[in-house]
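Reader: I'd like to go through this one with you and ask where the labels come from. Can you show me the model?

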Amino acid sequence: MLAKQNQKAYEYLRRELLRGAFLPGTRLSDYALSKKINIGRGPIREAIGRLESEGFVEQIPRHGTFVRKLDRSEIEDLYDLRIL
């Protein structure tokens, strides 16, 4: 059951990040997200950890979790990939 909730939280957050629901630099609150999708905070934290390892978010100690901003070189790399 917990694995199912972890996957649900991950899929929801990843989908929302990819569609641009959270702008770069937006702080993600595990409490607010857990209330929004009706899942405990544990699965949200697991999903955030997974998304951090994939480069979608950045956790800053004592400040929170934020949607990662792409730097100029990453944006250039993305454009180069699209050109190919």
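Predicted model: local features only at pLDDT ≥ 70, side-chain atom pairs only at ≥ 80, totals over all residues.

Reader: What makes up the chain, from the N terminus on?

Author: The elements run α-β-α-α-β-β-α, that is, four helices and three strands. Helices (H or I, at least four residues) and strands (E, at least two) are DSSP runs, numbered from the N terminus. The C-alpha trace spans about 45 × 30 × 20 Å along its principal axes.

Reader: Why is α1 called oblique to α3?

Author: Helix α1 (residues 2–18) and helix α3 (residues 41–53) pack at about 55°, with axes 8 Å apart. Axes are lines fitted to C-alpha atoms, for helices over the stretch in contact, and angles run from 0 to 180 degrees between N-to-C directions. Under 35 degrees counts as roughly parallel, over 145 as roughly antiparallel, 65 to 115 as roughly perpendicular and the rest as oblique, so α1 is oblique to α3.

Reader: Which residues make that contact of α1 and α3?

Author: Contact means heavy atoms within 4.5 Å. Among them are Leu-2, Tyr-10 and Leu-17 of α1, and Pro-43, Ile-48 and Arg-50 of α3. By class, the contact of α1 with α3 has 10 nonpolar, three polar and three charged residues (Ala, Val, Leu, Ile, Met, Phe, Trp, Tyr, Cys and Pro are nonpolar, Asp, Glu, Lys and Arg charged, and the others, Gly among them, polar).

Reader: What puts Arg-50 over the face of Tyr-10?

Author: The rule asks for NZ of Lys or CZ of Arg within 6 Å of the ring centre and within 35 degrees of the ring normal. Arg-50 lies over the Tyr-10 face, 3.6 Å from the ring centre.

Reader: And how are α1 and α2 related?

Author: α1 and helix α2 (residues 30–37) pack at about 100°, their axes 12 Å apart. They are therefore roughly perpendicular. Lys-8, Ala-9, Tyr-12 and Leu-13 of α1 meet Leu-33, Lys-36 and Ile-37 of α2, a contact of five nonpolar, no polar and two charged residues.

Reader: Where do the axes of α2 and α3 come, and at what angle do they cross?

Author: The α2 and α3 axes come within 9 Å and cross at roughly 115°. On the α2 side, Asp-30, Tyr-31, Leu-33, Ser-34 and Ile-37 meet Arg-41, Ile-44 and Arg-45 in α3.

Methods. Residues numbered from 1 in each chain as written. Heavy atoms only, no water.
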